[in-house]
Every structure is written in C-alpha cells, then in structure tokens.
Amino acid sequence: MIYLDSSATAMQKPKTVPRAVLKAMRSLASPGRGGYRPAMEAAEAVYDCRAAAAELFAAQPEQVVFTMNATHGLNLAIKSLARRGDTVVISGFEHNSVVRPLHHLGANVIVAGEKLFDPENTLAAFDRAVTEDTKAVVCTHVSNVFGYILPVEQIADLCRRRGVPFVLDASQSAGTLPVSLSGLGAAFIAMPGHKGLYGPSGTGLLLCGQKPATLLEGGSGSLSKSPEMPDFLPDLAEAGTQNTAGICGLAAGLRFVQERGMDEILRHEQALRRELAEELARLDGMRIFADDRCQTGVLSFLITGEDCELTAQRLGENGFCVRAGLHCAPLAHKSAGTLETGTVRVSFSAFNTKKETERLIRYLKK
Amino acid sequence: MPDYAFTFQSITAAQGSRNILDRRGIENWILRSPKSLLGLGCGYLIKVRENSGPRAASILRAWNAPFVRIYALYPDGRIEAAAL
C-alpha cells in the first residue's frame, strides 16, 4: 500500500508520535487541574508542546491555543472577528472550513483571486477587494486541492497597512513553509496537528495575535469562582479537559519537523510532485494542474473521459491511496474550472519515496 | 526567614515565568496556590528560597511576568503578603 493522501491526514507518523501518545495515556492525568505528580507532569508536557509550537511559529507560548483541528481554530477566529452582514474577503481557494462558518454567520463574502498559480493576480485582487469597510481577511496559505502557494506575506502586509485583521489558514503549510505569527502580524493562524506536523488526529493549533471570543465555556482550572471564562490566553479559549495524549503526540511531531527541517521536507515533497507531474504530462489524455514556481507537494490531475472517483477507486484497488472529488473545497474547484469534474489528488509527505512515486507513474502509464 | 511565593492565575503563566527564573539560575517550584491566596479560586504559585526572593521579583517585573501578588511563606505555616 502506498499512502498518497497526506493533505487529508498524514497517516504515516514518526515512531516517536504513537510512543508519546501511549506514554501519556499510561502516566499523565489532567493538566492544570491538580498539584499531584501525574497532573503536574501533564501540565509540563502540555507546556512543552505549547513552547515548541511557539518557537516554530514565532509566537509566545500563551498565544498557542490547542484545538481539535484546523476547522475548530478557523471557527474560533472567524466568529471572533465577523458578524452577520460584515464584509469578509477570502481567496478563491478556500476550504469549506472557511466558507461554511462565514455562510453560517451570514457574512458578506467577497472572493478575491480566482486564477490558479498566479500570485500576482491573487495579490492584485486582494488589493482591490480589501477596503476600510472590510472586517477581516481570511486566506489559505496553500490550496489543499492544487498545492498553489498563495502570496500570504504580501496579503498580510496589505491588511496591516489598511488596519484589517488577517486570518491565515495554515492547514496545508504548517510543517513545510515558514509560518510566523509575529512576522505576519496576523490576528489568528489556524492549523491542524495531524497533517504537516505529524501529530495525532484530534489535535490542532490556533495561534492568537489577539484574544478570541469563546466557542465553548467551561472549566479552565483558573479563576474557578467566576462564572465568566478567564480573560487571558490560553485559558480563555481552552475550556474543558485537554487532549493530553494527543498534545504529547503533537509535541513529538513538532520535534520531528524541527529535526528534519521544514525546508528539507518541502524540497523532498516538491521533488516527488515534480517528477510525477513531468511524467504524467507526457501521457495522452492526462490533464495536470502544475506550476513549479508556486506549488507544494500536492498534485491534482484528471484522466480525460474517466470520472475522477473511478480513477481513485481503481488506484485504491491497486494499492495507491489518493483522494478524488471536491476535497471539501468547491470554491477552489470553481476557481480552477473543475467544479463539475473534480480532480484526483496526490499529496506527498516526508515519508513518501521516489520508488513509490515511480510505481504510481508505472501504473498510470499502463 | 520566609520563602517567597509569586501567585499566578494560570498554570501557563506560571510555567512561562518559571522558565525565566530557570534561565537565571533561580531555584523554584510550581505548586498549587493555597485557596486563601486567590480571591477567584484555583491558581498556581512559584515558590523561591528566601535569599532569591528580591532578585526573582526584580527579574519577573523586568519581564512583565503576570504574577498577581507576592507572599512570604514562614516556616511555622503563616502566609503574609510581602512587598519586594
């Protein structure tokens, strides 16, 4: 079996991740809730992860909020900044984790930048769309469908100059591209723990450049007499018992990324994607979505005349795990003109090899 | 002579401040705060030895560490607010 769906979740983890999860499940109690040893050790383990994430993403430890996943973080961020009728600018490559919360709120959504692999067009579109009436800008760093790297540093700069809060969806970039809370001056950055950070599913991070509103209220282990949530981070946004075992696994994933190096992981994934794209481009009847200037290790393609789901099914039956359809990002497909067809997506991780890519190429050439 | 305690509203704030003291070689311990010290309940404190108290206070203030108050912890169990 060759796993090529790491944009959905990185199924292959460093060995240290399950080990850390198991150790935590066997020995740690609830962090920040007691003074006895297993509770204090749990609090130390959670803080270690917070500190590691803060270092990797240029934040302070208390600005790192643990979430269930990136969708949870994006909901927190979006619902902190926007209300019904507010104007929010998003890119043409957003996931439903952005589109649906905004729709639910009843926000006035403006889509900026719909040309695939065209950072200049994307930036120019944001430049036109973001005004002093804009309540927030929400932008993905990398399209989960096409691997398109959006010019988020320039978009964040534009937002800073116009005084508009900027939210980054780093779901497809955390662990491969530089993501800096202080550098971007972002209001919030949301990311999953289980993709490029190689942690367990059920983990995520929200980096907070400002205090979020609460989505959940409950116990925080602090100021317990008050019926209000504490007004300080991270307690404000972390009601209820933490996913301690998951957080310990995430800490192990973060250490793996730091040791292997984000640059190295990105180069590796891009090299595999490049080889696949070049080989598939030589085949008749193959439509490839590729541009080496601004693309990560994610590649979408279509075989002419074949339903993308049938292609993925055929690949799955032959041991290749890829994802087809709309990838929970109909807006991205609409922008790229593939809303009706969908695409087949191959997404690499640090654990994929050249040999695996060559096997996929050989199969598709048959 | 008493030891000293710096109280914090959250474990994360105490841990961040602990790291600041660790980096400056000040021995310290994070403990649950006695209930009587925190009006709104549930918090943590950093305890330091008597001779480290003034230096710890000065360092934590310089780093804007979010401690709430400082207490003197006497060997006989008395706890009193302290001004360092």
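Tutor: In this predicted model, the centres of domain 1 of chain A and domain 2 of chain A, taken over C-alpha atoms, are separated by 26 Å. Domain 1 is made of two segments, 2-10 + 261-365, while domain 2 covers 16-260. To the contact between them, domain 1 of chain A gives 31 residues and domain 2 of chain A gives 31 residues. On the side of domain 1 that touches domain 2, at least two residues come from each of α9 (262-281), β10 (298-303), α11 (330-336) and β13 (343-347) of chain A. The largest share of that side, six residues, is supplied by α9(A).

The loop between β12 (323-325) and α11 of chain A contains A:C328. This residue is not a glycine, yet its phi is positive, at about 55 degrees. A:C328 counts as partly exposed because 16 C-beta neighbours lie inside 10 Å. Helix α10 (residues 308-317) of chain A holds A:R314, which is partly exposed, with 15 other C-beta atoms within 10 Å. From C-alpha to C-alpha, A:R314 is 56 Å from A:S224 in space, and the two are 90 residues apart in sequence.

The axes of helix α3 (residues 70-81) and helix α4 (residues 96-105) of chain A come within 9 Å and cross at roughly 40 degrees. That angle makes α3(A) oblique to α4(A), and their crossing is right-handed. From α3(A), the residues A:A70, A:T71, A:L74, A:N75, A:I78 and A:K79 meet A:S97, A:V98, A:P101, A:L102 and A:L105 of α4(A). The residues of this contact comprise seven nonpolar, three polar and one charged.

Two further loops carry backbone features. A:F117 sits in the loop between β4 (108-112) and α5 (119-129) of chain A. Although A:F117 is not a glycine, it has a positive phi of about 55 degrees. A:F117 counts as partly exposed because it has 19 C-beta neighbours inside 10 Å, whereas a buried residue would need 20 or more. In the loop between β8 (204-208) and α8 (244-260) of chain A lies A:P234. The peptide bond leading from A:L233 to A:P234 is cis, with omega near 0 degrees.

How values were computed:
Residues numbered from 1 in each chain as written. Chains lettered and ligands numbered in written order. Predicted model: local features only at pLDDT ≥ 70, side-chain atom pairs only at ≥ 80, totals over all residues. Domains from an automatic or database assignment. Contact = placed C-beta atoms within 7 Å. Helix = DSSP H or I, 4+ residues; strand = E, 2+ residues; numbered from the N terminus. Buried ≥ 20, exposed ≤ 12 C-beta atoms within 10 Å, placed from the backbone. Axes fitted to C-alpha atoms, helices over the stretch in contact; angles between N-to-C directions. Parallel < 35°, antiparallel > 145°, perpendicular 65-115°, else oblique. Left-handed = near helix turned anticlockwise from the far one by under 90°. Nonpolar A, V, L, I, M, F, W, Y, C, P; charged D, E, K, R; others polar.
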